[in-house]
Amino acid sequence: QPCSASRTPEFCHRLTFEHSVKRCTSGSLLWAKMAHKDWGPRDTESELTRLKSITDKALLQNVEKRYRAGNIYTRSGRIVLAVNPYKKLPLYTEETLQAYKASLAPQVELPPHVYAVAASAHSGMLQNSMSQSVIISGESGAGKTETAKILLEYLAEVSCSGSDLHTRVLKTNPIMESFGCAKTVWNNNSSRFGKFLTLQFSASGRMQGAFMKTYLLEKSRITSQLPGEQNYHVLYTVAKGLSSAQRTEFGLPKGSDAVESFKLLNLKKAGDVKWADFPCDFKELTEAFAVIPSLNDKQASCWRVIMAVLYLGNLSFTGQGEDDAKVKDPAVVAAVARLLSCETAQLEKAICTQNMKAGLDWISKPNTVAYASDVKNALTKALYSRLFDYIVEMVNVSLEKSGDEMRYFIGAVDIFGFEC
């Protein structure tokens, strides 16, 4: 909800808006002269605090008129609000970025935009010698993931353009989206985890490093999805994109039906996957891994764990309910054991039996089918979540920098949305 600028701390800028784009002219001076074209219809206000009435109806009507005219951004003090257009609008061009970079007061001189908030955070850090924070919030589908990407792109461009760090920082996006985003009922690329991204700056405003902290990964999605929803993007990307040699090594079916053969992917046919909605394909994902030095030589190991997760989803047992669990297809547990480099018999025993202490002795008790299924699901979720944490750790190893050069930071809190 809108609030006055006086209620927002100087170091905190709040965003609630969707990925969108605006057309601009080249050059900051020309942009300023033509800016009236982007402020929105004459009978609306780009700044909500200038409305004569602040009732819910007046606020909503103002935002709706601007949205229908193509102006999805609206400002309220330091808060920027946007209405999800559910389509790509024209651009986020270099000219637009340079216009906001050149402005001394982008939140006032130029129309509402994500660049205005990012520019204010960066200039505020330098002018006030104080670290800044940006909160990106909203319900599922509000555009938080895209907003975080645009914010990061702006800050990387203005503070470390052309450097190796600039490339590495931006290449974390396809990796984190692939491993942490999934299709939901409301959103084809919904973040199912929260993160706090810290961009580290020197006293001169030059980006020196970055650090990411994640939380609340939705583990339940790994083993169970609602009808019409899908698992994490990377599971589909890897199953489809592995090379012929890798497919043979991992025992995948030949042809394009690989994604259909895994129960965890929740598909009736391969055509149900809208690949255009994915953040990247397998080639782009491997290229992103290659840019991160600490991950480059770990790719094969990551793909092995992902395939082990997929095969565990196919593991089933004979009997039902309270019957003793026995693996229905030994080839599946053998495939998982091979991928995880463990003994097949030991893996099967760990899933189908449990050790209990009776006095001074330990006895082995068969698990029921229901209990063995829970053990299998717990193992599946643990493998994926540990892999996710490992990816984040390796990204931080590559990006984080410590020392006296680190004076300030700009933190971006991306709180993942919840379905209605």
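## Getting started

Helices here are DSSP runs of H or I with at least four residues, numbered from the N terminus. By that rule, A156 sits in helix α6, which spans residues 144–160.

The model you see is predicted. Its protein chain has 16 helices and 13 strands. The chain has 420 residues, and 51% of them count as buried. Among contacts with a separation of 6 or more, 70% join residues 24 or more positions apart.

Is A156 buried or exposed? Its relative accessibility is 0%, so A156 counts as buried, the cut-off being under 20%. Leaving aside residues up to four places away in sequence, A156 touches S161, H166, L170 and M207. T167 lies eleven residues from A156 in sequence, with 8.7 Å between their C-alpha atoms.

## Where α7 meets α11

Helix α7 covers residues 164–180 and helix α11 covers residues 282–291. The two pack at an angle of about 135°, and their axes are 9 Å apart. An angle of that kind is neither parallel, antiparallel nor perpendicular by the cut-offs used, so α7 and α11 are oblique to each other. The crossing of α7 past α11 is left-handed.

Which residues make the contact? From α7 come T167, R168, K171, P174, I175, S178 and F179, while α11 brings L285, A288, F289 and V291. Sorted by class, the contact of α7 with α11 has seven nonpolar, two polar and two charged residues.

## Helix α9 and its surroundings

Helix α9 runs over residues 233–241. Seven of its nine residues are buried, so α9 is largely enclosed by the rest of the structure. Those buried residues are H233, V234, L235, Y236, T237, V238 and A239. Their cover includes the helices α7, α10, α11, α13 and α16 (369–399), along with the strand β5 (181–182).

Helices α9 and α13 pack at an angle of about 105°, with 10 Å between their axes. Angles from 65 to 115 degrees count as roughly perpendicular, and that is why α9 is described as roughly perpendicular to α13. On the α9 side the contact is made by V234, L235, V238 and A239; on the α13 side, by W303, I306, M307 and L310. How do these residues divide by class, and what are the counts? The contact of α9 with α13 has eight nonpolar, no polar and no charged residues.

Helix α14 takes in residues 330–340, and its buried residues include V332, V333, A335, V336, A337 and L339. What covers the buried residues of α14? The cover includes α10 (244–250), α13 (299–313), β10 (326–327) and α15 (344–352). Just after α14 comes S341, with a positive phi of about 60°.

Helix α15 has a partner of its own in α16. The axes of α15 and α16 come within 8 Å and cross at roughly 120°, and α15 and α16 are therefore oblique to each other. In this pairing, L347, A350 and I351 of α15 meet A372, V375, K376 and L379 of α16. By class, the contact of α15 with α16 has six nonpolar residues, no polar residues and one charged residue.

Most residues other than glycine have a negative phi.

L216 has a positive phi, near 60°, and is not a glycine. L216 lies in the loop between β8 (207–215) and α8 (220–223). Its relative accessible area is 57%, so L216 is exposed, the cut-off being over 50%.

N266 has a positive phi of about 55° and is likewise not a glycine. Where is N266 found? Its place is in the loop between α10 and α11. With a relative accessible area of 33%, N266 is partly exposed.

Key
Residues are numbered from 1 along each chain as its sequence is written. This is a predicted model: local features need pLDDT of at least 70, side-chain atom pairs count only at pLDDT 80 or more; totals for chains, interfaces and linings use all residues. Side-chain values use heavy atoms; hydrogens and water are left out. Buried means under 20% relative accessible area, exposed over 50%, partly exposed in between (1.4 Å probe, protein chains only). Contact means heavy atoms within 4.5 Å. Axes are lines fitted to C-alpha atoms, for helices over the stretch in contact, and angles run from 0 to 180 degrees between N-to-C directions. Angles under 35 degrees count as roughly parallel, over 145 as roughly antiparallel, 65 to 115 as roughly perpendicular and the rest as oblique. A crossing is left-handed if the near helix is turned anticlockwise from the far one by less than a right angle, and right-handed if clockwise. Ala, Val, Leu, Ile, Met, Phe, Trp, Tyr, Cys and Pro count as nonpolar, Asp, Glu, Lys and Arg as charged, and the others, Gly among them, as polar.
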